[in-house]
Amino acid sequence: MSTLQFIWHNQSQVLALTFEHLWLVGISMLLAVSIGMPLGILVTRRPAFGKAVLGASTVVQTIPSLALFGFLLSSPWLGERADRLAVTALTLYALLPIIQNTCAGITGVDPSVREAARGMGMSDLQLLFQVELPLGMGVILAGVRVATVITIGVATIAAAIGAGGLGEFIFRGLAMVDNRVILAGAIPAALMALLADFLLGRLERRFRYV
């Protein structure tokens, strides 16, 4: 039986695990954007604070994914539910590119445009929401795009702690030494990453050239 035949015969399970994977990635990205963008904005307003934020995010990126899952497993509240733990870990991994690109998108706005907005009497909040964020949105979305692709890949490790997702097929295939089972998890995850990269890339280009 080929890999495609195996996927076809197990399509209901593949679909169920794909939706689990999407759920983990979707919730993690919502949290990462909700936390990362405000932190990126804060970095542009408080550069001294930015060193600590970017430093902490960089440190998280250097921790191997399986080690981070294991470290969080001992936490009293997070360790009680595997999906809660997985979402927390994935959110932490997604923060760095979002924070960095939010900061880069805002600081990359032409100073003359910023000065013109100041000359029109705009407040800091008006400048941020009406000028800096709209003009920097293409760069910010590039960070979200990178973070999403990273999260889809790292989410396969979540199966190691019982959080579900397409990683279940991958770990099962490794235990059985069966490439068909491994590919049944790897192929949908790769397609998901390619689709997310394509769609967010289109959105990013749209904002860059508005």
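This is a predicted model: local features need pLDDT of at least 70, side-chain atom pairs count only at pLDDT 80 or more; totals for chains, interfaces and linings use all residues.

Modeller: Residues are numbered from 1 along each chain as its sequence is written, and side-chain values use heavy atoms, with hydrogens and water left out.

Colleague: How many helices and strands does the secondary structure of the chain come to?

Modeller: Helices (H or I, at least four residues) and strands (E, at least two) are DSSP runs, numbered from the N terminus. Along the sequence the pattern reads α-α-α-α-α-α-α-α-α. The count is nine helices and zero strands.

Colleague: What share of the 210 residues in the chain is buried?

Modeller: Buried means under 20% relative accessible area, exposed over 50% and partly exposed in between, with a 1.4 Å probe and protein chains only. The C-alpha atoms fill a box of roughly 70 × 40 × 20 Å along the principal axes. Of the 210 residues, the buried share is 44%.

Colleague: Are helix 8 and helix 9 roughly parallel or roughly antiparallel?

Modeller: Axes are lines fitted to C-alpha atoms, for helices over the stretch in contact, and angles run from 0 to 180 degrees between N-to-C directions. Under 35 degrees counts as roughly parallel, over 145 as roughly antiparallel, 65 to 115 as roughly perpendicular and the rest as oblique. The axes of helix 8 and helix 9 come within 7 Å and cross at roughly 165 degrees. That makes helix 8, relative to helix 9, roughly antiparallel.

Colleague: How do the residues of the contact of helix 8 with helix 9 divide by class?

Modeller: Contact means heavy atoms within 4.5 Å. Residues of helix 8 including Phe169, Ile170 and Leu174 meet residues of helix 9, among them Val181, Ile182 and Ala184. Ala, Val, Leu, Ile, Met, Phe, Trp, Tyr, Cys and Pro count as nonpolar, Asp, Glu, Lys and Arg as charged, and the others, Gly among them, as polar. The division is eight nonpolar, two polar and one charged.

Colleague: Which residues pair as the one aromatic pair found in the whole structure?

Modeller: Rings of Phe, Tyr and Trp (its six-membered ring) pair if their centres lie within 6.5 Å, with planes under 30 degrees apart counted as stacked, over 60 as edge-to-face and the rest as tilted. A search of the whole structure finds one aromatic pair. Its ring centres are 6.2 Å apart and its planes at 75 degrees, so the pair is edge-to-face: Phe6 and Phe169.

Colleague: Which parts does the pair of Phe6 and Phe169 tie together?

Modeller: Phe6 and Phe169 are both buried. The two parts are 163 residues apart in sequence, because Phe6 lies in helix 1 and Phe169 in helix 8.

Colleague: Which residues is Thr3 in contact with, leaving aside its neighbours within four places in sequence?

Modeller: Thr3 lies in helix 1, residues 3–9. At 16% relative accessibility, Thr3 counts as buried. Its contacts are Arg180, Leu183, Ala184 and Ile187.

Colleague: What is the phi of Val177?

Modeller: Val177 is in the loop between helix 8 (167–176) and helix 9 (179–208). At 72% relative accessibility, Val177 counts as exposed. Although Val177 is not a glycine, its phi is positive, at about 55 degrees.
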